[in-house]
Amino acid sequence: VFTGQEDLPDLGIYFDPLTYIYKAVYRTTINDSGNFSVAVRITQGQSVIESEPKGFKLDVTSPNAIFVSPPAEVERTWTVTDKPKDSVLTPDVVPLEIMIEFPDGLKRDLVYSRLFVDNMIVDENTSAPFGTFKWDISKIDQTGTHVISASIEDIAGFIVQTVELSVDVNVQPKPKSWFEKTLSVFTAPTIALFVVIAAAGVLLVLLALRALRNNRATKKVKTHRLEDPLTQPVMIENEILHPNIAAEKNQWPHIPGLGLAPARLVLLSASKGQTNFPAEIPLGEGNVNFGSDAKKARVVFSTPMISPLHARISRLDQDQFKLFDEGSGSGTWLNYAPVSQYGARLEHGDQVQFGAIIYRFEIYQSNPRKLKVEPFKEEE
């Protein structure tokens, strides 16, 4: 019984167990700033309870989207492989990032974020994370400049776009195979230069052939093989002196009807095993032919080294003799110098060689002279 003198009891003790606190979350679609009010209405069965309206002021602004460290240029290079045809360009993807901020302090969820390249959508996010993109550049194989941008939409319906940025994509030239490198050399200037050089070469060849033909027609030179006497099979250390040389050394030969021979050839050496060569050959009027064929030569050397008609000695004047080669195979030599078909003048003491057979030329009652070897010079 309450008499009025007692203290009032704390009613919360009685009503708290019967009290419920509800938290309501409201997602507004307001996208304009202004003064607004909010109230709560509870309906339970036939009962409806409504709170007093609560006024509030709301400042709403659109979000901002900004690229974070965007690249100014992208380099696409070819991977190095053993086969150039198997090379590929890298990278294939360029990662991009945007920063999203809400100046009004009301952070809202996003509906989507999109990446545009050259005004075309290349990537889209419809769920978190909304701030990252992947730009696929695998199809870009030519150097060029591309424009990138991004746009977002929040749940309040605000749609914003970043500023447009230019990105240079540099594509390295594809490595060439050896065949392609070879073909690349043949540019128009190179081909023109090659044609000029080839034409000049053909012209020089034609001029050379013409000069050679004219030279042959004028000189009518008969070429024959000339071999260095030092390479001939001549016995130097073991010379075989003809056995009759010592006996006839002090006897000058006679020529029937002419008397003493004006000149003679005295055998010095021959190939080993060959002793049937004349030790002394008198030289008189006219020509004296040497060879292996008795029908063509007056002096016959029976050896394969000697040609059928090998050489000739002619008397030009009283004490003038000249040695000629008749196109022999093993050559005719005078003091170790080859003799041509135009001949070479003989002097007392000269060494004359037919193949591997060596004689000394002597003129009657002439003083001996020192052997002098001179370089070969063909007479015209």
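Visitor: Which strand gives the most to the lining of the second largest pocket?

Guide: Strand β1 gives the most, with three residues. Helices (H or I, at least four residues) and strands (E, at least two) are DSSP runs numbered from the N terminus. The structure is a predicted model, in which local features need pLDDT of at least 70 and side-chain atom pairs count only at pLDDT 80 or more, while totals for chains, interfaces and linings use all residues. Residues are numbered from 1 along each chain as its sequence is written, and side-chain values use heavy atoms, with hydrogens and water left out.

Visitor: How is a pocket to be read, and what volume does the second largest pocket have?

Guide: On a 1 Å grid over the protein atoms alone, a pocket is an open set of points where a 1.4 Å probe fits, with protein on both sides within 12 Å along at least five of seven lines; lining residues have an atom within 4 Å of a point. Grid points are joined across faces, edges and corners, and the volume is the space filled by probe spheres set on the points. Here the second largest pocket has a volume of about 250 Å³.

Visitor: How many salt bridges does a search of the whole structure find?

Guide: Side chains of opposite charge can pair when their charged atoms come close. The criterion is a side-chain nitrogen of Lys or Arg within 4 Å of a carboxyl oxygen of Asp or Glu. The search finds nine salt bridges. One of them joins the side chains of E280 and R264, at 2.3 Å from N to O. This pair links distant parts of the chain, E280 being in strand β18 (residues 280–283) and R264 in strand β17 (residues 263–269), 16 residues apart.

Visitor: Are E280 and R264 buried or exposed?

Guide: Buried means under 20% relative accessible area, exposed over 50%, and partly exposed in between (1.4 Å probe, protein chains only). E280 is buried at 18%, and R264 is buried at 5%.

Visitor: Which residues does the network of salt bridges that share partners join?

Guide: A further pair, R360 and E362, meets in a salt bridge at 2.7 Å from N to O. R360 is partly exposed, with a relative accessibility of 27%, whereas E362 is buried at 10%. Through shared partners, salt bridges join R264, E280, R360 and E362 into one network.

Visitor: Where do the partners E326 and R312 lie?

Guide: The closest N and O atoms of E326 and R312 are 2.8 Å apart, which forms a salt bridge. This pair also links distant parts of the chain: E326 is in the loop between β22 (320–325) and β23 (332–334), and R312 is in strand β21 (residues 311–317), 14 residues away. E326 is partly exposed, at 27% relative accessible area.

Visitor: Which residues other than glycine have a positive phi?

Guide: D118, which is not a glycine, has a positive phi of about 55°. D118 belongs to the loop between β9 (110–117) and β10 and is partly exposed, with a relative accessible area of 36%. N335 also has a positive phi, near 55°. N335 is placed in the loop between β23 and β24 (337–338) and is buried, at 6%.

Visitor: What separates the C-alpha atoms of L106 and T61?

Guide: These atoms are separated by 8.8 Å, although L106 and T61 are 45 residues apart along the chain. L106 lies in the loop between β8 and β9 and is partly exposed at 34% relative accessibility.
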